[in-house]
Each structure stands twice: as structure tokens, then as C-alpha cells.
Amino acid sequence: MNLPDGWEHASKDKQWLYATFVAIDANFRLKRRNVSTNEADPSLSKGWSYFVEEADYKLYLAEHLGEAQEKSTCSSHNAVNMADTKLSQGLAATGVGTIDCARHNMKRGNGVGDLQKGEKYINMDYLFFSTLRNNSLKILNVSYDIACQWHKHIWSRMESLPQSHHLNHASKIIHFFVPKFHLPAHVAKCQSLFSFNFTRFVGRTDGEAPERGWSNINPVASSTKNMGPGCRRDTLDDHFGDWNWKKVVGLGALLLNKMKDALIERAEHQAAFDEFDAVISIEHRATWLSEMVIWEQNPNDTTVPNPLEMKAIAITQAGARLRLAELEANELERGIDVSLHPEVSPSVLIASGLDLEEEQHRLKSLVESMGMHVTDTQRGSIVRMRNSLRRKIETWARVQVLYMPAVLQGGRDDQHNAEDIVLSLPSWMKNKPCDLHLQNIEWELRYAQAYDALEELRQCLRIHCSLLTFKREWIRGQGANTRAQNTLTRVHARHTACVKRYRSAWTALKALATLLKKRDWKGRLQELADDHIKPLVDPFGVGEGRRQVSWIWMMEGIDCNGDCDDDGVRIEWCKSRARALRWTEEVELLTEEMGRVIRFLHWDAQRWDERKGQLAGENPAHTEGLHAYAARQAHIRRRLAAHFHALWAPYLMPTLGPGINTIHAELPLPDLTMPDAPLMDTDA
């Protein structure tokens with residue numbers, strides 16, 4: 001019908017293109033009051049459309065409605081734990097359960113049924129297996145917001161269903177997923193095991209298709225609430241059919257826009273992963289790739305280690321404070337607060353100058369944080385710090401003159417505050433003579449300073465992100481929140497200092513590169529913009545599928561720190577690889593779906609042509625009308641196929657299969673509106 005010839009024998013690496021994607025959900029706005037009966041208001045169809053056949057469905061429910069449903073072992077999902085407590089007084093149906101196409105947001109045949117209480121397994125099981133009858137699928141991808149619980153005993157529950165609803169699951173490849181929007185509400189383990197983002201061969205499917213369809217059907221809820229059972233089912237069937245037809249007509253623009261977006265994202269994420277992958281050591285790359293491939297090939301085997309889970313203990317508030325204390329201890333070890341020795345070598349001179357520059361930045365940040373209303377105590381403290389810093393600078397400057405006499409040209413401006421005094425390091429001496437040896441010393445120290453600043457910045461980002469998550473999930477109460485906020489403020493202050501230190505180093509390196517005529521010196525260093533400063537995993541950032549890693553996490557050796565930090569790098573490398581793969585799969589899947597749509601439309605047109613010879617009316621005029629209707633339906637589908645082919649021509653496979661005529665590709669979209677009614681003869 002819509003698959004290419006020989007799809008059953010496709011190679012293993014292409015079989016996933018012919019998988020069936022279904023999404024399960026319930027809508028509790030589509031209630032029905034307990035009015036009328038099936039005898040008084042029967043339906044015009046008996047399971048011929050979207051609703052299942054009512055008699056068999058109700059018989060099965062009556063036999064199993066009293067069975068207790070196990071409670072959730074994941075988060076406290078109301079759909080599971082409150083399935084028996086949904087208010088149903090005065091209602092014949094508390095809502096409807098549906099099975100949709102997870103890729104194109106269409107209702108599946110025999111995939112809709114009423115709910116009597118809440119979202120019980122027995123209801124959803126019957127609908128799920130009902131819509132899969134007579135399906136020749138080999139691979140099935142199932143999305144459900146409580147899939148982590150619902151899938152556990154699904155095959156044992158299937159045994160209680162009629163034999164016609166049984167699925168030979170042993171011969172199928174079946175994956176269960178939780179929709180992307182619902183996944184963060186699950187426990188951490190579910191967020192990797194049931195994620196579309198980290199599973200091979202699903203493209204960029206999100207599983208949220210049913211949620212989008214409710215906006216279309218919810219407005220009729222108030223009208224169908226008081227209808228009889230048959231009338232309500234027929235009305236909803238009509239609306240679901242109309243929704244599906246609108247989706248078919250809109251597939252041209254929908255798939256085209258998705259393809260354009262996917263091609264751009266594929267290129268960006270593949271380039272981002274290649275850049276990230278280039279800075280990972282060969283040993284780590286081989287180990288991580290092996291772990292990820294094994295886990296992807298055994299998604300349901302809990303004994304296989306999950307490379308997306310942290311192996312190290314997460315950073316806590318106490319751990320964050322310890323890390324900050326260690327950073328301060330390292331500064332003391334570097335001698336930032338130690339008095340200068342009178343006998344200074346050239347390297348000590350430049351190193352001391354960098355330390356003084358950093359102290360200037362720290363004092364300037366402290367002054368800026370004081371605000372407009374400074375107390376006398378605060379002002380006195382600032383004056384004492386300025387005096388101390390000025391004495392250090394003057395002591396250093398007296399030695400500097402010995403090595404760099406050109407700094408005396410034009411004199412020094414000592415009227416500034418200590419934090420604003422220009423230190424005149426070699427990078428600042430652009431048009432003045434300076435010893436080449438001093439310039440090389442500063443170059444080496446600045447280069448190391450840039451890398452050190454980035455490393456400390458990454459640590460601050462890790463700590464800040466972990467503290468934010470910890471505060472949001474565990475901190476309650478004013479006192480605890482105040483203490484947590486004070487810790488975050490300290491981290492942010494150090495984060496700001498790291499940024500200033502790196503930007504100072506970057507500015508000096510650019511100046512020295514010109515003076516020393518260095519080329520290709522940047523390596524992994526770049527100019528640090530504000531939007532580059534973001535953590536590996538931002539809990540408040542964009543979705544996983546579109547997230548990109550900042551260049552600050554792609555430095556040589558970031559996976560070789562010798563501590564738990566490479567745990568986060570490993571996870572981010574795996575996620576970056578997954579993002580690139582998902583977009584690549586999406587392009588392949590969209591290409592297949594485009595061809596599938598065109599094949600279906602031509603098959604459907606041929607089916608309407610065959611119906612013309614089978615239709616006979618009560619009289620010749622009636623027969624002619626039936627034939628005209630069938631011909632119009634076939635014509636609409638051929639024009640749709642031609643229009644879609646024209647839109648998708650750059651992306652379609654070279655051949656769509658035998659019998660696919662594309663000579664009318666230039667034809668526009670057919671007019672799908674109803675013809676105007678004939679005017680009445682007013683003279684009659």
C-alpha cells in the first residue's frame with residue numbers, strides 16, 4: 001500500500017525505517033453524562049471507524065473491571081495511582097482513551113474508546129491491541145506518559161484479551177518510551193531508559209502527538225457531553241476523520257518544513273559533536289563508544305551499565321563549600337597575598353604583575369558591589385585595601401623600571417584609585433620599546449592564565465548548576481533558602497572573576513601575538529562572549545535535542561582531570577553523539593515518509609477508480625453521481641500526490657517504486673472546497 005517492494009527483506013540497518021510509531025493518551029474533557037442507552041440511541045457503525053466495537057469492548061471491561069491495578073513504583077503518577085478514584089457520579093464515560101500515530105498526529109482506526117473510571121490499564125490495553133490487529137509490523141515504538149509502569153506486565157495482561165487481539169510480540173522488536181514533555185516528571189532512571197533522545201532509530205519523534213490533537217477536539221466536549229452514546233460516538237468519529245483528512249492535506253508543508261529544519265540541525269549538531277569528539281582522548285573515546293553501543297543494543301537489559309548515568313557522587317552543598325575553600329587555598333599557595341621580595345627576576349616581575357592585576361579586578365568588583373549608600377565602616381575598609389594595594393604596586397613598579405625603563409616616558413598617573421592604575425605590562429607596551437624576553441615571559445604566563453581561568457570557570461559552572469538543582473528540589477524554608485542563596489552568590493562572584501581574568505588574558509594574548517608575530521596561536525582558545533558561558537547541562541536551557549555545547553567544554557584534556565569531572569564529560573559526549581544521530585535519523589525517516597505519502601495517495605486514487613465499477617445506484621442518474629464522486633476523490637488524491645512531489649522533489653529518493661506517475665508534478669494543490677449550491681429559480 002505505502003511501503004516499497006521488498007521492505008520485509010530490508011537490511012538490518014534500514015529495517016527501522018519501516019517501524020510503526022504509536023502514542024497512547026487519555027482525554028478527560030470528553031465526558032458523557034449518563035443519558036439515553038445504546039438501544040435507544042445506537043451508533044451508525046459497529047467499530048468501522050475510530051471507536052472500537054462497543055459490545056465486545058464493554059463485555060471485556062465487565063469481566064475485568066474489578067481487578068486491582070498495581071501502584072506506581074516511579075513518581076506518583078495520578079494516571080496510575082488514581083485510576084480507580086476518578087469522579088464518575090452521573091457520568092457514563094469520564095473521558096476517552098486514544099491511540100494515535102506518534103509521527104503525524106492522526107487517530108488510528110479502532111483506537112478510541114470510552115473510559116469508565118480513570119486511565120485504567122484494562123481500557124488502554126484493549127484499545128492498544130485493537131488498533132494493532134492485522135498489522136504486519138516488525139518494529140513497534142510505543143509512547144505513553146506512564147510507559148515505565150504500563151509496559152511491565154503487558155504481555156501477561158494480553159492473555160486475558162480475545163484471541164483476535166493477541167500480538168506475537170516474541171517475533172517483534174518493541175520499544176517503550178515516555179513523551180519528552182512528560183519525561184522530566186519521572187525518576188532519573190526512567191529519564192534515560194525511556195527517552196526518545198537517547199534511543200537509536202527513532203529520529204526526532206517526541207511522543208506528544210495526542211496532546212496536540214486535544215486542542216482540536218476539546219471545543220466539542222460541551223456539545224457531546226449531553227448526547228446519547230451512539231450519537232456521541234458518531235460525532236466524535238466524524239471530527240476525528242475530519243482531523244485526519246486535514247492532516248493528510250497539510251502533509252506537504254509539514255514534512256517540507258520538518259526536512260528543512262532537520263537538515264540544518266543535522267549539520268550543526270554533527271559539526272558540534274565532531275568538534276567535541278576531537279578533544280577527547282583516544283582511550284576514553286573507544287571506551288565510551290563501546291559502552292554506548294552495547295547499551296543501545298540492549299535497551300531492556302538492566303544488567304548492562306547505563307553510560308548516561310553518573311558514576312560519581314553528585315556535588316552537594318557541603319561539597320561545594322569544600323571546593324570553594326580548596327580554590328581559595330590554591331590562591332594562597334600561588335602567593336597572591338604574599339609580600340614581594342626585593343630581589344625579583346624577570347619571570348617573578350611579570351608573574352607578580354599578573355597577581356596585582358587580579359587583585360585590582362577583585363577590589364574593583366568589591367567597590368562596584370557596595371552600591372550608592374556606603375557606610376563609614378565599608379568606606380574605611382575600602383580605603384585601607386586601596387592603600388595596601390597601592391603600596392604593593394609602588395614596590396613592584398620600582399623594580400619594573402629596571403627591566404622596562406620605557407614606562408617612565410610620559411610619567412605615571414598616580415591620581416587614580418589603586419584599582420585603576422595602569423600596570424604597563426609588556427602587552428600594554430605597543431608603541432614603546434620592551435625587552436623581547438619579557439614579552440615571551442608574559443606570553444607564556446598569559447597562555448597558562450587563560451587555560452587556568454577556563455578550568456576554574458568550568459568548575460564554578462558545575463557547582464552553580466548542581467547547587468541550583470539541589471536548591472530547587474530539596475531546599476525549603478526561608479533560613480535554608482537564604483543560606484543556599486548566599487552560597488550561590490559566592491559561586492557567582494568567583495564565576496565573574498574567572499570571566500574577567502580570562503578576558504584580560506585574551507586581550508593581552510592578542511596584543512602580544514601582534515608584537516611577537518605569532519600565527520595560529522589560538523588553538524582551542526576563543527573570545528569569550530556572554531552566551532558562551534553556560535554549563536554542560538543547563539536545567540533551565542533548551543530541550544535536549546536542540547542543545548549545543550559551548551566551546552569552553554571542548555578544550556583539550558577536559559576528560560583527563562583525574563577526578564569525577566570526567567563523569568560529566570563522558571555523559572555530555574554521549575548526549576552530543578545522540579543528538580547528532582537523532583537528527584541524521586530524522587532526515588532519513590522524513591525522506592522515507594515523503595515517499596510513503598506519495599505511494600499511499602496513488603494507491604488510494606487507484607482504489608477509488610476501482611470503486612467506480614462496483615458502484616450502482618437506484619437509477620442511471622444516481623449511478624452517474626456515484627461514479628462522479630469516486631472520480632473526484634481519485635482526482636483529488638492524484639493532484640495531492642503531484643503537488644507534494646513538486647514540493648519534495650529535492651529530497652525524494654530517485655525512484656518511488658513502480659507505477660508512480662509524477663508527470664503532473666507542476667500541478668497546484670487541488671481545490672478541496674465544496675462547490676457552491678445552485679441558485680434557486682425565483683421566478684418559479
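Is K14 buried, partly exposed or exposed? K14 is partly exposed, with a relative accessible area of 33%; here buried means under 20% relative accessible area, exposed over 50%, and partly exposed in between, using a 1.4 Å probe and protein chains only. Before we go on, please keep in mind that this is a predicted model, in which local features need pLDDT of at least 70 and side-chain atom pairs count only at pLDDT 80 or more, while totals for chains, interfaces and linings use all residues. Residues are numbered from 1 along each chain as its sequence is written, and side-chain values use heavy atoms, with hydrogens and water left out.

Let us stay with K14 for a moment. Its partner in a salt bridge is E588, and the closest N and O atoms are 2.9 Å apart; a salt bridge is a side-chain nitrogen of Lys or Arg within 4 Å of a carboxyl oxygen of Asp or Glu. This pair links distant parts of the chain, since K14 sits in the segment before strand 1 (20-27) and E588 in helix 17 (residues 565-612), 574 residues apart. Helices (H or I, at least four residues) and strands (E, at least two) are DSSP runs, numbered from the N terminus.

Side chains of opposite charge can pair when their charged atoms come close. By the salt-bridge rule, the count for this model comes to 33. One of them joins E456 to R501, with the closest N and O atoms 3.2 Å apart. The two residues are 45 residues apart, E456 in helix 15 (residues 436-474) and R501 in helix 16 (residues 478-516). Here both ends are buried: E456 has 8% relative accessibility, and R501 has a relative accessible area of 7%.

Because D604 lies in helix 17 and R637 in helix 18 (residues 620-648), the pair ties together parts that are 33 residues apart in sequence. D604 and R637 are both buried. There is also a network of salt bridges, which links R200, E296, R577, R582 and E585.

Now turn to helix 1 (residues 54-64), where E54, Y57, Y60, L61 and H64 are buried. Seen down the helix axis, these buried residues fall within an arc of 135°, so they line one face of helix 1; the arc is that of the directions from the helix axis to the C-beta atoms. On the face turned away from the buried side you will find the exposed residues L59, A62 and E63. The cover over the buried residues includes strand 5 (107-115), helix 3 (121-131), helix 5 (154-158) and helix 9 (229-249). At the start of helix 1, a side-chain oxygen of E53 reaches to within 3.3 Å of the backbone nitrogen of A55.

Most residues other than glycine have a negative phi. F201, however, has a positive phi of about 65° although it is not a glycine. You can find F201 in the loop between helix 6 (190-193) and helix 7 (209-217), where it is partly exposed at a relative accessible area of 31%. K517 also has a positive phi, near 55°. It lies in the loop between helix 16 and helix 17, and at 69% relative accessibility K517 counts as exposed.

Note on methods. Contact = heavy atoms within 4.5 Å. Polar contact = N/O pair within 3.5 Å; in protein donor to acceptor, adjacent residues only side chain to side chain.
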